[in-house]
Amino acid sequence: MGQNLQRLFQLRHDVRGMRPYDLGLLLIALALMSVGMIVVTSASMPAAARIYDNPFHFAIRHGVYMIIALTAALVTMQLPMRWWRTYNGWLLLLAIVLLLAVLVAGRNVNGSTRWLALGPITVQAAEPAKLFFFCYLAGYLVRRYEEVTENLKGFIKPLGVLFIIALLLLMQPDLGTVVVMFATTIGLLFLAGAKLWQFFGLLLSGLCAVVALILFEEYRLRRITAFLDPWADPFGSGYQLTQSLMAYGRGDIFGQGLGNSLQKLEYLPEAHTDFIAAILAEELGFVGVCAVLALLLMLVLKALRLGNLALQQGRPFEGYLAHAIGIWFSFQTAVNVGASAGILPTKGLTLPLVSYGGNSLILMSMAVALLMRIDFELRMDGVQALSDRKRSKSQ
């Protein structure tokens with residue numbers, strides 16, 4: 001049936017140059033990945049030369065991750081949305097199992113236990129947890145829409161699941177992922193029609209919880225004080241942020257030129273991961289940062305438009321999932337760039353499709369592939385409706 005619909009679509013629309021998929025969305029994602037490859041290569045060369053005696057070590061690994069991410073995206077695009085709608089509960093269970101496995105047999109790096117070594121593969125369980133939880137949440141809102149919008153019990157149930165995942169993430173610890181998931185959950189519940197008092201109550205409770213988590217952990221409190229005044233201790237708690245701000249300052253409008261960053265010479269820690277936006281700003285300037293942010297904004301707007309279109313066409317699961325992906329990408333971008341620019345406290349979150357990090361790149365590529373699959377099925381629905389009308393008229 002799917003091949004017949006695609007053939008029918010091509011027969012009808014090829015003359016007008018239309019496609020059964022969103023070419024713009026694909027080009028935006030590929031452009032972001034290409035920019036990421038270039039900037040990661042530039043930012044990682046000094047550290048790679050010192051640690052591995054090969055300046056292209058991280059660049060090669062990132063290239064391999066890109067190939068894996070594109071393969072995962074192609075596989076994801078072959079799965080019908082019906083599959084995700086049917087098995088979202090099992091996907092959530094898989095995410096919880098991975099988070100538990102990390103706590104039991106995870107690898108500790110810099111005081112955090114976030115990685116699970118499976119032979120040559122290293123899995124950061126927080127990344128699939130985000131995507132799989134959003135799939136579950138979209139499915140829950142479809143199954144329990146009336147409960148969510150009419151009584152408190154239906155509103156609280158998904159928050160209970162989020163609370164369990166948040167506890168497992170905080171034990172790693174990984175507050176940044178918890179904040180992203182919480183913000184996306186709030187946005188999705190609001191879009192689903194939750195009552196305003198429930199929405200504001202949840203928002204206030206979440207803010208209080210985040211403040212409490214910061215106050216009860218000394219290293220998080222140091223991050224906040226360093227964020228408020230990094231120059232008070234520029235060689236201690238404020239070191240990373242002051243170096244990042246120097247990179248932004250040196251970049252000015254048009255940057256120092258690709259490859260000409262000074263801060264990547266191991267002055268700025270995590271230059272190719274969490275703080276890649278600072279190196280981007282230093283080498284390509286304000287114009288380069290704005291170009292990347294414009295690409296991310298277009299991707300997010302396409303996701304939100306797609307979500308609205310899916311809801312209008314009677315596909316609520318696809319609509320809620322597209323909205324969740326859009327909110328997720330936008331909030332994570334804001335946190336990453338805001339942290340490197342000194343607008344927000346430092347958090348270990350990647351810049352979507354740009355930063356070095358195989359797990360993040362693969363899962364976000366899969367998320368983009370889900371958007372393309374949703375768009376494809378919506379177009380096929382339109383072709384099916386058109387063919388049904390033609391058949392009824394001929395009869």
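Helices here are DSSP runs of H or I with at least four residues, numbered from the N terminus. What you're looking at is a predicted model, where local features need pLDDT of at least 70, side-chain atom pairs count only at pLDDT 80 or more, and totals for chains, interfaces and linings use all residues. Residues are numbered from 1 along each chain as its sequence is written, and side-chain values use heavy atoms, with hydrogens and water left out.

Let's begin with the second largest pocket. On a 1 Å grid over the protein atoms alone, a pocket is an open set of points with protein on both sides within 12 Å along at least five of seven lines, and lining residues have an atom within 4 Å of a point. This pocket holds about 460 Å³ of space, where a volume is the space filled by probe spheres set on the points, joined across faces, edges and corners. Its lining takes in 20 residues, and V179, V210, F331, P345 and K347 lie nearest the centre.

Which helix gives the most to that lining? It's α8, with six residues. At least two residues each come from α8 (175–192), α9 (196–215), α10 (218–228) and α13 (316–340).

A cavity is a set of grid points where a 1.4 Å probe fits but cannot get out. Searching the whole structure turns up one cavity of 30 Å³ or more. The largest cavity has about 30 Å³ of space, and you'll find A277, L280, V289, V292, L293, V337 and L351 around it. Helix α12 (residues 276–312) supplies the largest share of this lining, five residues.
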